[in-house]
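Hi,

Here is the model I promised to pass on.

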Amino acid sequence: QVQLVESGGGLVQAGGSLRLSCAASGSIFSINNMNWYRQAPGKQRELVAVITSGGITNYADSVKGRFTISRDNAKNTVYLQMNSLIPEDTAVYFCHMFVIVGLLEYSYWGQGTQVTVSS
């Protein structure tokens with residue numbers, strides 16, 4: 001079994017920064033894409049950032065230039081550095097990974113961490 005544990009959320013003023021972390025543990029052979037999603041109240045969950053196993057990144061237009069996704073493969077951990085935060089970034093942030101266990105790929109989600117940006 002694999003677990004994803006997130007940390008780093010909180011309350012910050014507009015213009016501030018936060019760094020989210022998500023660590024995977026368990027019977028992991030390797031991890032393919034690592035992703036960050038977010039869900040604001042009354043809205044659908046949206047993809048924020050992606051990083052492939054080779055380190056290629058992609059971002060939602062709304063966060064380009066402000067957020068940076070990175071990964072530490074030795075620690076099975078993905079990070080999301082969020083700068084120049086705005087109130088519209090307020091949401092529950094979820095990490096998501098495609099994990100190779102044995103010979104198969106599985107999809108796993110973190111529990112979510114609240115990010116609140118005050119104006």
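Below is what I found, going from the whole chain down to one residue.

First, the ground rules. This is a predicted model, so local features need pLDDT of at least 70 and side-chain atom pairs count only at pLDDT 80 or more, while totals for chains, interfaces and linings use all residues. Residues are numbered from 1 along each chain as its sequence is written, and side-chain values use heavy atoms, with hydrogens and water left out.

**The chain overall**

The protein chain has 11 strands and 0 helices (both are DSSP runs numbered from the N terminus: H or I with at least four residues for helices, E with at least two for strands). Its radius of gyration is 14 Å, close to the 14 Å that the globule rule gives for 119 residues, so the chain is as compact as a globular protein of that length. That radius is taken over C-alpha atoms, and the rule is 2.2 Å times the number of residues to the power 0.38. Along the principal axes, the C-alpha trace spans about 45 × 25 × 25 Å.

Buried residues make up 42% of the 119 (buried is under 20% relative accessible area, exposed over 50%, partly exposed in between, with a 1.4 Å probe and protein chains only). Of the contacts with a separation of 6 or more, 54% are between residues 24 or more positions apart; a contact means heavy atoms within 4.5 Å.

**A sheet to look at**

There is an open sheet of 4 strands in the order β1-β3-β8-β7, with antiparallel pairing (two strands pair if DSSP finds at least two bridges between them). Its edges are β1 (2-7) and β7 (67-72), each pairing on one side only. Neighbouring strands here are turned by 15 degrees against each other on average, direction ignored; the axes are lines fitted to C-alpha atoms, and angles run from 0 to 180 degrees between N-to-C directions.

Strand β3 (residues 18-26) is joined to β8 (residues 77-82) by 6 bridges, and arginine 19 stands opposite glutamine 81 in β8. β1 and β3 also pair over 6 bridges, with valine 5 opposite alanine 23 in β3.

Is serine 21 buried or exposed? Serine 21, which sits in strand β3, is buried, at a relative accessible area of 18%. Leaving aside residues up to four places away in sequence, serine 21 touches Val5, Glu6, Ser7, Trp36, Val78 and Tyr79.

Cheers
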